[in-house]
Amino acid sequence: MNGAAFAVNLAASAGAALVVMLLTFAVAMVKGVHRIVDIAWGLAFAAVAVVTWALSAGYGDDGRRLAVTLATCLWGLRLALHIARRGRGHGEDPRYARMLDRAPGSPALHALRKVYLLQGALVWLVSLPVQAAAYLPEGVDALLVAGLVLWAVGLAFETVGDHQLARFKSDPANRGRIMDQGLWSWTRHPNYFGDFLVWWGLYLTACAIPQSAALTLVSPLVMSGLLVWGSGKRLLEAHMAERPGYAAYAARTSGFLPRPPRSPRPPRSSAPRNEAG
């Protein structure tokens with residue numbers, strides 16, 4: 001890996017993520033809705049991947065560069081389109097509304113610091129494997145293939161899960177009900193689990209040399225932390241906890257890693273025990 005060229009890429013990719021987030025902030029201020037930053041999350045990853053692909057020409061293996069760029073862009077664009085469709089016609093996201101209500105000083109500047117700039121920094125950090133893989137001169141190897149297979153499984157998992165949930169919600173008969181069908185019967189968060197696989201897969205594409213593997217390990221670890229303990233699973237379950245039927249759903253369905261649903265426990269008998277004999 002050419003260290004000097006990679007350092008330039010790190011600076012350029014940070015600039016790309018920052019530009020996407022600042023443009024999104026400007027649009028959000030005009031529209032008065034900050035939920036569109038969720039759309040920019042996937043777009044920023046795609047922007048970093050494209051900038052990296054352009055700058056890494058002549059330094060990394062062309063096949064690896066193209067594969068990682070396409071994988072990242074496909075994931076990011078699909079996620080952005082899905083979130084855009086899901087949020088169409090809705091007002092502000094309750095998470096951002098609560099944050100702005102408690103903002104010290106200017107709500108706009110608070111949102112800029114705590115949402116847009118923070119997410120831009122996370123995009124740069126999480127995308128380290130995408131950037132590093134593009135500068136590896138090694139051609140196709142087992143780790144690249146394994147990473148792309150894991151990425152594909154993750155993308156399929158989250159795509160199917162999102163489609164199943166959207167179809168469930170589109171049926172008026174399901175209003176107020178808990179989605180517990182399809183992949184949602186195996187894990188309460190198929191979309192987050194899919195993201196988890198995607199980013200561990202992309203990490204594997206950067207593991208052709210030990211230095212790159214060590215440098216970029218922070219990426220899937222941070223993404224896993226965000227999905228499980230950060231703004232993903234933890235916040236969503238706190239929001240869903242009071243929904244009727246959610247406790248029973250949570251009791252029988254895995255919190256993250258997919259597994260067959262547990263059978264409901266039979267109710268305890270209220271009849272007195274026979275202690276004779």
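**Burial, contacts and helices in a predicted model**

Student: Why does Gly-120 count as buried?
Tutor: Gly-120 has a relative accessibility of 10%. Buried means under 20% relative accessible area, exposed means over 50%, and partly exposed lies in between (1.4 Å probe, protein chains only). With 10%, Gly-120 therefore counts as buried.

Student: On what kind of model do such values rest, and how are residues numbered?
Tutor: This is a predicted model, in which local features need pLDDT of at least 70 and side-chain atom pairs count only at pLDDT 80 or more, whereas totals for chains, interfaces and linings use all residues. Residues are numbered from 1 along each chain as its sequence is written, and side-chain values use heavy atoms, with hydrogens and water left out.

Student: Where is Gly-120 placed, and with which residues is Gly-120 in contact?
Tutor: Gly-120 belongs to helix α5. Apart from neighbours within four places in sequence, Gly-120 is in contact (heavy atoms within 4.5 Å) with Ala-17 and Met-21.

Student: What makes up the secondary structure of the protein chain?
Tutor: The protein chain has twelve helices and zero strands. Helices are DSSP runs of H or I with at least four residues, strands are runs of E with at least two, and both are numbered from the N terminus. The order of elements from the N terminus is accordingly α-α-α-α-α-α-α-α-α-α-α-α.

Student: Why does Ser-13 count as buried?
Tutor: Ser-13, in helix α1 (residues 3–31), has a relative accessibility of 0% and so counts as buried. Beyond four places in sequence, Ser-13 is in contact with Val-48, Val-51, Trp-124 and Gln-131.

Student: Why does His-34, a loop residue, count as buried?
Tutor: His-34 lies between α1 and α2, and its relative accessibility of 8% makes His-34 buried. Among the residues in contact with His-34, beyond four places in sequence, are Phe-25, Glu-92, Tyr-96, Leu-100 and Tyr-116.

Student: Which residues of helix α4 are buried, and what makes them line one face of the helix?
Tutor: In α4 (residues 94–101), the buried residues are Tyr-96, Met-99 and Leu-100. Seen down the axis of α4, these residues fall within an arc of 95°, so they line one face of the helix. The arc refers to the directions from the helix axis to the C-beta atoms. An α-helix has 3.6 residues a turn, so residues three or four places apart point the same way. The buried residues of α4 pack against α2 (37–55) and α5 (107–126).

Student: Why is Val-153 called partly exposed?
Tutor: Val-153 has a relative accessible area of 42%, so the term for Val-153 is partly exposed.

Student: Where is Phe-196 found, and with which residues is Phe-196 in contact?
Tutor: Phe-196 is part of helix α8. Leaving aside neighbours within four places, its contacts are Ser-224, Leu-227 and Phe-256. From Phe-196 to Leu-155 the C-alpha distance is 9.6 Å, at a sequence separation of 41 residues.

Student: Why does Asp-171 count as partly exposed?
Tutor: Asp-171 occupies the loop between α7 (142–170) and α8 (190–204), and its relative accessibility of 36% makes Asp-171 partly exposed. Asp-171 and Gly-201 are 30 residues apart in sequence and 34 Å apart in space, C-alpha to C-alpha.

Student: How much of the protein chain is buried, and what share of its contacts comes from residues 24 or more positions apart?
Tutor: Of the 277 residues in the protein chain, 45% are buried. Among contacts with a separation of 6 or more, residues 24 or more positions apart account for 78%. The C-alpha atoms fill a box of roughly 85 × 50 × 35 Å along the principal axes.
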